[in-house]
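Reader: I am new to this structure. Could you take me through it step by step?

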Amino acid sequence: MNNGTAEEAAAVATESILQTTWPLPLWGTILLVTAALLFVAGIYYSERGRCGRALRIALAALRFSLLALVVWMWAGWSWQQYRSDKPELLLVLDRSASMDTKDGQPD
């Protein structure tokens, strides 16, 4: 049974990507979260009561964080990890004019 060498282990890398199952584009999600933030802030700003301003700000921050958590769960965002191998063939093209210059001393 071959366990592989150090070169083979170096050729394989583990990468991760943030994937979503949300049907809306990213700008739509940002717009939705911004609208929710403004809505929550507006409600707590217009509310008049006996509690102080600091308590209302704390409650608004708590409510917004819960709404953001619900949007995060609706979006289905999760970190997907996968293993990727390095390419077996690497092709390099030199399109610069450096190959047109002559070596050595001018005549």
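Reader: How far apart are the end C-alpha atoms of helix H2 (residues 26-46)?
Author: The model is predicted. Helix H2 has 21 residues, and at 1.5 Å a residue they should span 30 Å. The distance between the end C-alpha atoms agrees: 30 Å.

Reader: Within what arc do the buried residues of H2 fall, seen down its axis?
Author: Buried means under 20% relative accessible area. In H2, Gly28, Thr29, Val40 and Tyr44 are buried. They line one face of the helix, because seen down the axis of H2 they fall within an arc of 135 degrees.

Reader: Which residues are exposed on the other side of H2, and what do the buried residues pack against?
Author: Trp27, Leu31, Leu38 and Tyr45 are exposed on the other side of H2. The buried residues of H2 pack against H3.

Reader: Is Arg56 buried or exposed?
Author: Arg56 sits in helix H3 (residues 53-75). Among the residues Arg56 touches are Tyr44 and Glu47. Its relative accessible area is 13%, and the cut-off for buried is under 20%, so Arg56 is buried.

Reader: And Met73: buried or exposed?
Author: Met73 also has its place in helix H3. Its relative accessibility is 55%, and exposed means over 50%, so Met73 counts as exposed.

Reader: Which element gives the largest share of the nonpolar patch?
Author: The nonpolar surface patch covers about 1,100 Å². Its residues include Leu18, Leu55, Met73 and Trp79. The largest share, nine residues, comes from H3.

Key. Residues are numbered from 1 along each chain as its sequence is written. This is a predicted model: local features need pLDDT of at least 70, side-chain atom pairs count only at pLDDT 80 or more; totals for chains, interfaces and linings use all residues. Side-chain values use heavy atoms; hydrogens and water are left out. Helices (H or I, at least four residues) and strands (E, at least two) are DSSP runs, numbered from the N terminus. Buried means under 20% relative accessible area, exposed over 50%, partly exposed in between (1.4 Å probe, protein chains only). Contact means heavy atoms within 4.5 Å. Patches are made of residues with over 30% relative accessible area and no salt bridge: like charges are joined within 9 Å, nonpolar side chains (Val, Leu, Ile, Met, Phe, Trp, Tyr) within 5 Å. Accessible areas come from the Shrake-Rupley method with a 1.4 Å probe; for residues, only the protein chains shown count as cover. A salt bridge is a side-chain nitrogen of Lys or Arg within 4 Å of a carboxyl oxygen of Asp or Glu. The expected span of a helix is 1.5 Å times one less than its number of residues. The arc is that of the directions from the helix axis to the C-beta atoms. Lists of a residue's contacts leave out its neighbours within four places in sequence.
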